[in-house]
Amino acid sequence: MQSLTEEMKAMIGEQFAFLATVDKDGYPKVGPKGSLHVLDDQHLVYYEHTFRHAYNNVIANGRVAVAVANRKAQKGFRFEGVAHLHENDEVTEQLLPKQVVERFNRGAIVIIDIQSIYKLDNTLEAGTRIMED
């Protein structure tokens, strides 16, 4: 697995993230994930409450990408990995805020194992994989 740097963690905390998944027919789906945040150095997490495209695609194959960018700085990152859905289990009990369930009547936790990280900078390095030391 890849590890997040402090710069990456800060960008995830400050910028709006978008999650990309693929449906069973191979069509890409991209959507905002306002609850996405850093769980630890090697994992991202978000609260699932719509139970639509992303939810079904995570169940179908688990392959995801998360893109976050600072438009003004023209810098960003793409995190690719495998998502694990948790619903009605210990992980959900521990990590899902009660407000999510109260507001949407249902909630789940999706934890993403970060397998690779790419630069999304507006430079000739755009799309370059960031390798661990």
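Lys9 is partly exposed, with a relative accessible area of 21%; on this scale buried means under 20% relative accessible area, exposed means over 50%, and partly exposed is in between (1.4 Å probe, protein chains only). The model is a predicted one, in which local features need pLDDT of at least 70 and side-chain atom pairs count only at pLDDT 80 or more, while totals for chains, interfaces and linings use all residues. Residues are numbered from 1 along each chain as its sequence is written, and side-chain values use heavy atoms, with hydrogens and water left out.

Back to Lys9, then. Its side chain meets that of Asp41 in a salt bridge, at 2.4 Å from N to O. The term stands for a side-chain nitrogen of Lys or Arg within 4 Å of a carboxyl oxygen of Asp or Glu. Side chains of opposite charge can pair when their charged atoms come close. Lys9 sits in helix 1 and Asp41 in the loop between strand 3 (37-40) and strand 4, so this pair links distant parts of the chain, 32 residues apart. Helices (H or I, at least four residues) and strands (E, at least two) are DSSP runs, numbered from the N terminus. Asp41 is partly exposed, at 39% relative accessibility. A search of the whole structure turns up nine salt bridges. Another of them pairs Lys24 with Asp25, with 3.6 Å between the closest N and O atoms. Here Lys24 is exposed at 73%, and Asp25 is exposed at 53%.

What about a charged pair away from the surface? Glu48 and Lys33 are both buried, and they form a salt bridge whose closest N and O atoms are 3.8 Å apart. Because Glu48 lies in strand 4 and Lys33 in the loop between strand 2 and strand 3, the pair ties together parts that are 15 residues apart in sequence. Salt bridges with shared partners also join Glu6, Lys9 and Asp41 into one network. Setting aside residues up to four places away in sequence, Glu48 touches Lys33, Ala54, Tyr55, Arg106, Gly107, Ala108 and Val110, where contact means heavy atoms within 4.5 Å.

Phe51 itself is found in the loop between strand 4 and helix 2. This residue is buried, at 14%, and has a positive phi of about 55 degrees although it is not a glycine. Asn105 is another non-glycine with a positive phi, of about 70 degrees; its place is the loop between helix 4 (98-104) and strand 7, and it is exposed at 69%. Just after helix 2, Gly62 takes a positive phi of about 75 degrees.

Now for the greasy interior. In soluble globular proteins, nonpolar side chains tend to be buried together. A nonpolar core is a set of buried Ala, Val, Leu, Ile, Met, Phe, Trp, Tyr and Cys residues joined through side-chain atoms within 4.5 Å. The largest one has 21 residues, and those with the most contacts inside it are Leu4, Leu36, Leu44, Tyr46, Val66, Phe79 and Ile112. Two or more residues come from each of helix 1 (6-14), strand 4 (43-48), helix 2 (53-60), strand 5 (63-70), strand 6 and strand 7 (108-119). Strand 7 gives the most, with four residues. Apart from this core lies another, of six residues, among them Val45, Leu96, Val100 and Ile109. Helix 2 has Ala54, Tyr55, Asn57 and Val58 as its buried residues, and their cover includes strand 1, strand 2 (28-32), strand 4, strand 5 and strand 6.

His86 lies in strand 6 (residues 75-86) and counts as buried at 18% relative accessibility. Its side chain makes a polar contact of 2.8 Å with the side chain of Asp89. Beyond residues up to four places away in sequence, His86 touches Val91, Thr92, Ala108, Ile109 and Ile111.

Definitions and conventions: A polar contact is a pair of N or O atoms within 3.5 Å; within protein, one must be able to donate a hydrogen and the other to accept it, and residues adjacent in sequence count only if both atoms are side-chain atoms.
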